[in-house]
Amino acid sequence: MAAEGQSIDALSQFALTPIAAGFTNSNLYMLVAGAGISALMLIGMRSRARVPGRLQSLAEVSYEFVYGLVRDQIGHEGKKFFPFVFTLFMFILFGNMLGMLPYAFTFTSHIAVTFTLALVVFVLVTAVALAIHGLHFFSYFFPEGAPKALAPLIIPIEVISYLSRVVSLSVRLFANMVAGHVMLKVFATFVVMMGSAGALGLLGAVAPLAINVALVGFEFLVAFLQAYVFAVLTCIYLHDAVHLH
Amino acid sequence: MEDPSRPGHDASFEERLRAARAKAGLDRPEQARPGSPSPWGLGLRAGLEVASALAVGVGFGLALDWWLSTRPLFLVAGLFLGGAAGVLNVYRLMLGRRGPGPERNRGM
């Protein structure tokens, strides 16, 4: 599958394959991620040890990491958004990390998935802002002290800027995951192609193999970092919604 | 035994600990923290902000044109407004924060 003929097939890894009617490998890995998160929290916290074991440490560290994030970014009022941000962060993190397993499918590499996640964030942020500030929320689109004559120019620009959050939030996660997995596949294909081209090729295949090893490590960093960035930006948007400006 | 030549002998335990950690290289410099923007990351982020605002502007323009059949009036307006919104996004990204509030992480 790495090198069909002499061409590099880097995109077939993102193909959806139906498992049952209307249920694809993407859905399967979402369920696996959900089950994995539930297992980590439920089994990890079952012992409730004062000195935590490995699994309990992992559960506590992830809880405290997101809790600190929410508290620092949104402030005291942000605590009620913790369950949402935690769920979002863990879901994306598990999706990214599951994708690093060989033969696994990365559901965060589909724009449909990341866009839906970003849309959920966007709708929640807007609903929170409307619920807290009512119609005063719309003053967000017109900065105080700006001349009234500029309103027809400023308001569309601010609205587009506000709406572009959904696009940038979803494209960032999607593009990072796709780019990383394409790079891995391309360099893996180089290894196979050169390795099958005689003794000299076998020697040359060491270089792309070394790059791929480095890339795998880098991709683990990206997998965590992108989940973190998604959570941080969600918190920043929630902060804007709670405090307005 | 007093040794006045040792730095920060009178200093608090925290300060001496910090000096010792710095000497042993245990405290990594600020830039090495994960999540801090590299020039590449910041550039890509800024580009994405412009591109997404432009996409929303052009998308709105095309949708309005399709609805009111005024093509290309709103497409042109949306292109310029989207570009302006993109510049605004980059400005806010570089500003790092907007108004009072907790310190924002920059360049995410």
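Contact means heavy atoms within 4.5 Å of each other. By that criterion, the buried residues of helix 2 of chain B pack against helix 5 and helix 7 of chain A and against helix 3 (73-95) of chain B. This is a predicted model, in which local features need pLDDT of at least 70, side-chain atom pairs count only at pLDDT 80 or more, and totals for chains, interfaces and linings use all residues. Residues are numbered from 1 along each chain as its sequence is written, chains are lettered from A and ligands numbered from 1 in the order in which they are written, and side-chain values use heavy atoms, with hydrogens and water left out.

**Helix 2 of chain B**
- Helices (H or I, at least four residues) and strands (E, at least two) are DSSP runs, numbered from the N terminus.
- Buried means under 20% relative accessible area, exposed over 50%, and partly exposed in between (1.4 Å probe, protein chains only).
- The buried residues of helix 2 of chain B include Arg45(B), Glu49(B), Ser52(B), Ala53(B), Val56(B) and Asp65(B).
- Just after helix 2 of chain B, Ser69(B) has a positive phi of about 40°.

**Ser164(A)**
- Ser164(A) belongs to helix 5 (residues 151-195) of chain A and counts as buried because its relative accessibility is 1%.
- A polar atom of the Ser164(A) side chain lies 2.8 Å from the backbone oxygen of Ser161(A).
- Apart from neighbours within four places in sequence, Ser164(A) is in contact with Ser52(B), Ala53(B), Val56(B) and Asn89(B).

**Nonpolar cores**
- A nonpolar core is a set of buried Ala, Val, Leu, Ile, Met, Phe, Trp, Tyr and Cys residues joined through side-chain atoms within 4.5 Å.
- The largest one has 54 residues, and Phe89(A) and Phe230(A) have the most contacts inside it.
- Helix 7 of chain A gives the most to this core, with 13 residues.
- Leaving out neighbours within four places in sequence, the contacts of Phe230(A) include Leu88(A), Ile92(A), Leu117(A) and Leu169(A).
- Another core, of 7 residues, lies apart from it; among them are Ile157(A), Ile160(A), Leu81(B) and Ala85(B).

**Helix 1 of chain A**
- Asn25(A), Ser26(A), Tyr29(A), Ala33(A), Ile37(A), Leu40(A) and Gly44(A) are the buried residues of helix 1 of chain A.
- Seen down the helix axis, these buried residues fall within an arc of 120°, so they line one face of helix 1 of chain A; the arc is that of the directions from the axis to the C-beta atoms.
- On the other side of helix 1 of chain A, Leu31(A) and Leu42(A) are exposed.

Key: Polar contact = N/O pair within 3.5 Å; in protein donor to acceptor, adjacent residues only side chain to side chain.
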